[in-house]
Amino acid sequence: MAPSTSRCPGMIFASIEEGNSLSGLDTSKGPVEPAGEEKDEAKPENGEKEAKGPPRPVHAPARTHRGPTAAVRCGLWRRVRLSAWLRGLSFPDEAEEAAFRETLDREVIVATLLGDIAGAAKVCISTTMVYFDERRRSNGAKVLFHPSDPRTLYFAFAFVVFWIFVVTTAACLVRLLCNRLRSVDFELVAVAGTIYIISNTFLISKVTTARLYGRDPHDVWAGEINEAGIDLLSIFAVALTVTVACQAVPLRTQRLWIVPVVGILIYPVVALMAGMEMREEGINGWLYLVLTCIFSYIGARRHEAHRRTKWRALREVAESDRLAQGVQAMSWMSCDVILQLGEDFDVVDSSPELDAFFGQAMRGERLTKVMQEGDRQAFEAAA
């Protein structure tokens with residue numbers, strides 16, 4: 001028996017093995033014919049000719065339906081690709097997708113918490129300013145809340161949005177500080193909350209609330225009302241919300257895609273419901289909003305693809321490290337020493353046991369230099 005070395009990824013284990021040889025197939029008898037098949041068909045005997053019958057009539061093949069035309073197939077393929085693009089990215093394995101989503105939970109919760117705090121502050125400040133501005137313009141008279149008053153709807157929308165912000169903020173704090181509410185899907189909460197905020201951006205508007213009652217905003221609200229400016233401000237708020245959701249919150253595109261779609265459709269839908277006139281300024285602003293939503297979603301999709309690739313690579317590295325540690329732990333039971341080699345078979349790390357085994361300091365030394373000639377040749381041939 002002679003000492004030999006066997007390799008595993010990144011490690012060399014010293015061991016004693018019996019010399020073995022591989023045995024091949026016996027090919028001295030030539031190729032084996034498959035059983036049950038005859039090589040040649042039966043031929044007629046000498047002097048006999050193969051009988052030929054009358055010629056058979058040739059029938060034209062029946063016409064069959066060959067499927068849709070190329071143009072139809074191309075259109076179907078484009079629709080399939082568009083639907084897959086809108087559905088977002090995902091891993092084929094559900095367990096792998098669940099593990100990836102779990103790594104994003106904390107970032108989603110933190111981003112949702114910051115967004116809720118900022119949104120609650122904005123709604124509180126703007127609504128308070130509108131209330132006192134109405135009192136000032138009405139010569140100090142209190143604003144009476146009545147179902148027939150469009151201003152009541154305005155403040156009701158603002159009140160509901162404010163408390164939604166407060167509830168989601170409390171839920172995020174409970175999850176972060178107390179580690180409770182683990183069964184709550186905060187990614188879904190963030191998407192639903194973003195959609196609700198976008199929808200209420202045009203509803204919490206002096207122009208929209210008055211138009212929903214069929215009244216002129218100038219007759220409802222005190223002071224001068226700039227309808228075009230209010231529409232552009234609402235469009236800007238929607239564009240900002242969509243951009244933040246796509247770029248700052250790590251939401252998966254398989255759920256995120258609905259946010260830019262709602263952002264694109266909300267302005268014409270609200271204008272149609274309220275009977276509002278879409279002015280030239282509003283149409284131009286809406287076109288910019290459409291471009292903003294599309295490119296924000298494209299950026300979010302590319303960022304998620306890069307993040308998924310990086311996450312999978314790190315996971316594979318971690319699995320390789322765990323496998324190497326397991327193999328190393330098992331190898332200590334049968335090996336005297338274990339060493340780790342680099343690309344040029346240099347010893348990466350050393351230990352007192354390894355130095356004592358080879359009789360010299362092995363850190364940075366090439367393993368082949370301390371081998372005997374026969375072992376060196378066998379090792380280089382195997383490597």
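The following exercises, with worked solutions, concern a predicted model of a protein.

**Exercise 1.** State which secondary-structure elements the protein contains, and what share of its residues is buried.

*Solution.* The secondary structure comprises twelve helices and three strands. Of the 383 residues, 29% are buried. As for the surface, the protein exposes about 26,200 Å², and 59% of that area is supplied by carbon and sulfur atoms.

**Exercise 2.** Determine whether the end-to-end distance of helix α2 agrees or disagrees with its number of residues.

*Solution.* Step 1: helix α2 covers residues 94–137, which is 44 residues. Step 2: the expected span is 1.5 Å times one less than the number of residues, so helix α2 should span 64 Å. Step 3: the C-alpha atoms at its ends are 59 Å apart, which agrees with the expectation.

Two further features belong to this helix. At leucine 104, α2 bends by about 35°. The N-terminal end of α2 is capped by aspartate 93, which has a side-chain oxygen 3.3 Å from the backbone nitrogen of alanine 95.

**Exercise 3.** Locate isoleucine 204 and classify it as buried, partly exposed or exposed.

*Solution.* Step 1: isoleucine 204 lies in the loop between α4 (186–203) and α5 (206–212). Step 2: its relative accessible area is 21%. Step 3: buried requires under 20% and exposed over 50%; isoleucine 204 is therefore partly exposed.

**Exercise 4.** Identify the residues in contact with isoleucine 204, leaving aside neighbours within four places in sequence.

*Solution.* Those residues are Tyr154, Phe157, Ala158 and Val161.

Methods: Residues are numbered from 1 along each chain as its sequence is written. This is a predicted model: local features need pLDDT of at least 70, side-chain atom pairs count only at pLDDT 80 or more; totals for chains, interfaces and linings use all residues. Side-chain values use heavy atoms; hydrogens and water are left out. Helices (H or I, at least four residues) and strands (E, at least two) are DSSP runs, numbered from the N terminus. Buried means under 20% relative accessible area, exposed over 50%, partly exposed in between (1.4 Å probe, protein chains only). Contact means heavy atoms within 4.5 Å. The bend at a residue is the angle between axes fitted to the seven residues ending there and the seven starting there. A polar contact is a pair of N or O atoms within 3.5 Å; within protein, one must be able to donate a hydrogen and the other to accept it, and residues adjacent in sequence count only if both atoms are side-chain atoms. Accessible areas come from the Shrake-Rupley method with a 1.4 Å probe; for residues, only the protein chains shown count as cover.
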